[in-house]
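Hi everyone, thanks for coming. I'd like to walk you through one model today, looking at its packing and then at its charged pairs. Let me put it on the screen.

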Amino acid sequence: MDRAVWPTGAIVGVEKEGTDGRQKRFFVFRGPPSHNGLAVSAGFRELVAVSRELGADVLFADRPAPASVGAFPGVTAVMGKRAGSGGVQSPFCLGRAAVGPGGELVGVVLQADEPPRRADETLVEQVAQSMELPGISLNADAQDSMAAAGISFETPGGVRFIGPVDPEVPRLRLMSDQAGRAWYLDVYRVPLIGRRKVADLVEDRAMSIVQEVRLREPVESFDAAGREAARVHLAIVSGQEPTVHLLAVKTDEHTALLMVGRFKAEAGGEVRKACESIAATARVNSYDELVDLGSAAETARMMIQDCRKAGISSLVGRHERKRRRFEVKAPGISLGSWAESCRRSSEQNDLPWELTGRWVYQPKWLGHDRLVVSEGWRLAENGVRYNYALERTDGGRITIQQTEESDAEGRRATRIVNTSEGSRTENIELDETFACGPLLTEVCARIANGADPKPLIVSIIETFTAGAAYCVVKPIGRTSLPGSSLRSAASTVRLMVDYDPEPVLMFFDDDGELLAVSFDGRQWRERVELPAETEESPGAERRPGR
């Protein structure tokens with residue numbers, strides 16, 4: 001089949017004439033990852049987009065129906081081409097789409113000249129049920145998974161454990177085994193550092209999900225069998241049913257469990273019940289067994305101090321008047337490009353270094369707006385004082401603006417965030433482990449190839465955190481670059497933030513140059529070599545993804 005007729009996101013295409021003489025085309029596709037909730041609308045939207053590209057633009061049946069792709073919950077629908085007087089004509093598309101445990105969106109669609117028959121439905125069913133997501137096991141042993149994560153509790157009925165489990169990434173991933181009442185639940189063992197409370201973890205995670213300056217429902221603090229706990233139930237879209245539940249519980253002085261449940265609206269009660277049971281009864285190993293938090297904070301403080309003494313010129317000067325470009329990808333699809341630059345300004349003597357970055361994503365899927373995220377840093381030579389600006393536009397409309405500036409001593413930063421819902425100003429106290437975005441990247445580059453790699457505890461500010469959050473930064477040796485198991489390995493550093501601990505991996509070459517950034521393997525940026533690296537294009541991210 002000519003690839004020119006494949007719809008956007010298709011990764012497999014087959015064309016054949018059936019025994020009845022009808023022409024058919026069959027496609028397997030992937031869509032942009034869906035990170036928030038478990039809304040049927042996410043799968044249905046991509047199914048409609050694919051069908052429209054194939055010429056079918058209206059529902060043939062009354063409404064989409066629940067269905068699954070493999071073990072993953074989703075939706076099925078039949079589309080046709082709109083005809084006069086409310087009629088429907090060929091082509092017709094019968095499809096399914098589902099959301100995986102990491103937000104992966106996958107589907108199948110059958111295009112035919114006539115309305116689908118029973119044989120067509122059987123074919124789509126057979127293919128859909130045979131599909132799997134690489135790297136995901138849906139039959140992980142519950143006891144082995146809990147032992148690896150350092151978290152144990154009485155397993156509720158109707159639950160599947162998702163693997164693999166990495167003892168260095170202390171989390172459990174669970175899902176319902178009932179497609180009709182589908183949910184996913186991630187349970188993380190996270191550090192409690194400084195003055196951070198479990199309510200701070202819940203609020204910061206909730207704010208990062210809704211991406212607004214205030215929550216529609218406040219975080220509720222409560223007692224979980226004598227343990228300090230906090231929770232919130234989130235509706236991603238105002239006026240709709242909640243599809244996300246967050247709960248954090250303190251299990252010892254330095255340890256908490258953070259639970260993130262995503263579900264179909266009708267399964268919300270089951271998720272809340274499961275989270276509250278785990279909060280009250282779970283046996284949790286201390287985070288101290290993974291990282292000596294005091295030692296890691298002291299190592300970070302000394303390394304940040306050394307970087308500042310060396311001066312920003314020694315850290316980023318090699319990038320001056322150069323540009324770097326990265327392709328942004330998810331499995332099977334492109335998510336645009338990220339470009340960054342660095343220059344020294346003669347006009348800003350107190351903040352001479354300027355680093356800028358720009359992500360541009362022009363979706364080919366119908367119903368998705370063009371996304372542009374631009375950011376800029378200005379840094380003092382001593383690496384202490386900085387200012388930062390961010391702007392995000394969706395479909396040409398500004399949706400997020402942020403400004404942030406530290407004082408000259410590096411003791412406090414003022415951040416202002418504006419969204420469509422209003423404005424929020426925070427005066428945030430900084431400690432000696434704080435690293436602004438460019439400095440954090442350079443710290444990671446240093447430890448990636450260090451002779452005596454040690455974990456660090458670094459404090460950071462992100463767009464929607466109420467104050468400073470803490471990030472565990474750990475070199476993990478040489479690992480394969482993202483995108484293919486056949487690709488070469490590079491020195492790797494793993495970052496896990498207390499309120500959003502899905503692992504971020506940063507990959508560096510032997511000279512400390514950033515090669516790629518992976519967000520839990522679901523989405524990544526990979527460096528593209530340019531013929532000539534000369535000015536001028538957009539710079540360094542905060543923690544990748546800010």
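Keep in mind that this is a predicted model. Let's start at Tyr386: setting aside neighbours within four places in sequence, it contacts Leu351, Trp377, Arg378, Leu379, Glu404, Glu405, Ser406, Ala413, Phe434, Cys436 and Ile461. A second, separate core has 27 residues, with Phe153, Leu174, Trp183 and Met259 among them. As for Tyr386, it belongs to the largest nonpolar core, which has 81 residues; Leu246, Val473 and Leu495 join it as the residues with the most contacts inside that core.

Now for the charges. How many salt bridges does a search of the whole structure find? The count is 37. One of them pairs Arg181 with Glu270, at 2.4 Å from N to O. This one connects distant parts of the chain, 89 residues apart: Arg181 lies in the loop between strands 10 and 11, and Glu270 in helix 5. Arg181 counts as partly exposed because its relative accessibility is 33%, and Glu270, at 31%, is partly exposed too.

Next, Arg385 and Asp350 form a salt bridge at 3.0 Å. Here two loops are linked, with Arg385 between strands 20 and 21 and Asp350 between strands 18 and 19. Arg385 is partly exposed at 21%, as is Asp350 at 41%.

How values were computed
Residues are numbered from 1 along each chain as its sequence is written. This is a predicted model: local features need pLDDT of at least 70, side-chain atom pairs count only at pLDDT 80 or more; totals for chains, interfaces and linings use all residues. Side-chain values use heavy atoms; hydrogens and water are left out. A nonpolar core is a set of buried Ala, Val, Leu, Ile, Met, Phe, Trp, Tyr and Cys residues joined through side-chain atoms within 4.5 Å. Buried means under 20% relative accessible area, exposed over 50%, partly exposed in between (1.4 Å probe, protein chains only). Contact means heavy atoms within 4.5 Å. A salt bridge is a side-chain nitrogen of Lys or Arg within 4 Å of a carboxyl oxygen of Asp or Glu. Helices (H or I, at least four residues) and strands (E, at least two) are DSSP runs, numbered from the N terminus.
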